[in-house]
Amino acid sequence: MADSRLRSEPLVLGIETSCDETGVGIVRGHTLLADAVASSVDEHARFGGVVPEVASRAHLEAMVPTIQRALKEAGVAASDLDGIAVTAGPGLAGALLVGVSAAKAYAYALGKPLYGVNHLASHICVDQLEHGPLPEPTMALLVSGGHSSLLLAPDITSDVRPLGATIDDAAGEAFDKIARVLNLGFPGGPVIDRIAREGDPNAIAFPRGLTGPRDPAYDFSFSGLKTAVARWIEAKRAAGEDVPIADVSASFQEAVVDVLTRKAVRACKDNGVDHLMIGGGVAANSRLRAMAERRCEDAGIILRVPRPKLCTDNGAMVAALGAEMVARDRSASSWDLSADSSLPVTDTHVPGTEPEDDHEPHGHAHAHGHAAHDHDHFHELSKDNLYS
Ligand code: KG4
Ligand code: ZN
């Protein structure tokens with residue numbers, strides 16, 4: 001375990017099943033070798049959101065073929081792996097369980113160390129595959145259908161601090177809900193992004209949530225914006241007028257992106273951090289990328305945004321964090337690793353709780369505190385949030 005090749009370039013397979021993507025990635029150190037993804041997004045489209053039971057069943061069906069596809073793509077044998085990493089949380093409980101069970105089975109059968117890692121820390125760590133080692137500290141803005149957080153990461157394997165998060169909807173969720181109101185289908189982000197290019201971002205002045213002088217500097221709120229946009233559309237329809245879809249999309253998107261970039265840049269400045277990474281599905285948004293680039297440049301901040309495929313949920317991000325755990329000699333998880341749907345972001349990984357056994361590398365124990373619960377969480381599909 002202590003040889004230098006292993007420390008610098010561990011070969012790790014990562015499994016991600018926290019939501020609707022079955023992702024299996026393989027990395028060697030900071031080099032991406034395979035990124036196999038099977039998505040059940042089409043099966044959820046008619047419900048307008050992810051249905052947990054449907055996602056779990058799809059993970060179960062896709063798991064073994066996706067692992068085999070990743071190994072083939074990487075051109076490595078399972079026996080060559082130095083470790084197996086898996087998303088232990090946060091996410092949908094049943095969906096996570098499929099990945100954790102598969103990772104345990106493979107790790108045990110192959111005699112490899114198992115690393116249960118944090119989904120949010122993985123979203124940050126994936127940028128190492130695109131832009132090389134993460135500067136320490138890095139500021140991260142994570143925006144997807146399940147999370148919107150500002151995180152300060154002095155050490156991605158052991159020290160990630162939540163600065164702020166959404167107090168209601170996640171940014172991607174707001175895109176999905178507005179797309180539903182406009183009858184644009186699911187997921188809403190990509191289609192609104194595309195239609196917004198034809199519209200005027202200043203046509204309608206939609207509210208910027210939590211940007212008042214007394215509001216928390218780093219928290220987000222998109223629920224008021226969602227209601228304002230929905231009411232504006234309803235009023236147009238009630239008056240028998242056409243809804244200018246491109247202008248509504250562009251103005252809504254501008255409100256989201258303005259708040260996200262403003263708060264992220266402020267967090268960097270306040271904390272003396274000169275690198276900002278943006279991850280999660282919404283990081284694919286073209287307006288977010290453009291505005292973040294301009295505002296970071298003005299503030300002397302270096303922006304790192306991975307390519308869209310690495311921003312959405314995938315197995316490569318889990319493998320990237322697993323490889324960093326091996327490289328930094330973090331302790332492996334024990335065989336009683338369980339999925340934790342609300343794993344706090346401060347728990348970058350789930351180190352072993354039992355005396356170390358045969359398969360575990362030697363490493364030091366890591367403080368495992370559940371005190372600082374991130375209030376960012378996954379919104380499971382329910383009538384309440386589907387129609388709210
Ligand atoms: O990271 P992701 O694949 O899954 C999780 O939610 O964890 O993110 C999916 C979310 C969806 O809400 C989708 O509408 C949004 O990311 N999204 C976008 C874009 N592409 C995906 N939002 C805005 N603009 C986009 N281009
Ligand atoms: Zn995610």
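Modeller: Here's a walk through the sheet, then the helices, and finally the ligand site.

It's a predicted model, where local features need pLDDT of at least 70 and side-chain atom pairs count only at pLDDT 80 or more, while totals for chains, interfaces and linings use all residues. Residues are numbered from 1 along each chain as its sequence is written, with chains lettered from A and ligands numbered from 1 in the order in which they are written.

Start with the sheet: it's open, has five strands in the order S8-S7-S6-S9-S10, and its pairing is mixed. Strands here are DSSP E runs of at least two residues, helices are H or I runs of at least four, and both are numbered from the N terminus. Two strands pair when DSSP finds at least two bridges between them. At the edges sit S8 and S10 (302–304), each pairing on one side only. On average, neighbouring strands are turned by 25° against each other, direction ignored.

Now follow the chain through the hairpins. S6 (residues 138–143) runs antiparallel to S7 (residues 148–155), and six bridges hold that pairing. Look for Ala 140 facing Leu 151 in S7. Four residues make up the hairpin link from S6 to S7. S7 then pairs antiparallel with S8 (residues 159–165) over five bridges, and Ser 149 has Ala 165 of S8 as its bridge partner. That's another hairpin, with three residues between S7 and S8.

Contact means that the C-beta atoms of two residues, placed from the backbone, lie within 7 Å.

H10 (residues 245–270) has a helical partner too: its axis and that of H11 (residues 286–299) come within 9 Å and cross at roughly 30°. That is why H10 counts as roughly parallel to H11, the label for angles under 35 degrees. Among the residues that meet are Val 257, Leu 260 and Val 265 in H10, and Leu 288, Met 291 and Cys 296 in H11. Sorted by class, this contact has nine nonpolar, two polar and four charged residues. Ala, Val, Leu, Ile, Met, Phe, Trp, Tyr, Cys and Pro count as nonpolar, Asp, Glu, Lys and Arg as charged, and the others, Gly among them, as polar.

There's another helix pair to look at. H7 and H9 (residues 223–238) pack at about 10°, with axes 10 Å apart, which means that H7 is roughly parallel to H9. The H7 side uses Ala 174, Lys 177, Ile 178 and Val 181, against Leu 225, Lys 226, Val 229, Ala 230 and Ile 233 of H9. The classes come to seven nonpolar, no polar and two charged residues.

H7 (171–181) also brings us to ligand 1: this helix and H8 (188–196) each supply at least two residues of the shell. Of the 20 residues around ligand 1, the nearest are Gly 145, Gly 172, Gly 189, Gly 281 and Asn 285; a residue is near if its C-beta atom, placed from the backbone, lies within 6 Å. The shell is made up of six nonpolar, 10 polar and four charged residues.

Terms used:
Axes fitted to C-alpha atoms, helices over the stretch in contact; angles between N-to-C directions. Parallel < 35°, antiparallel > 145°, perpendicular 65-115°, else oblique.
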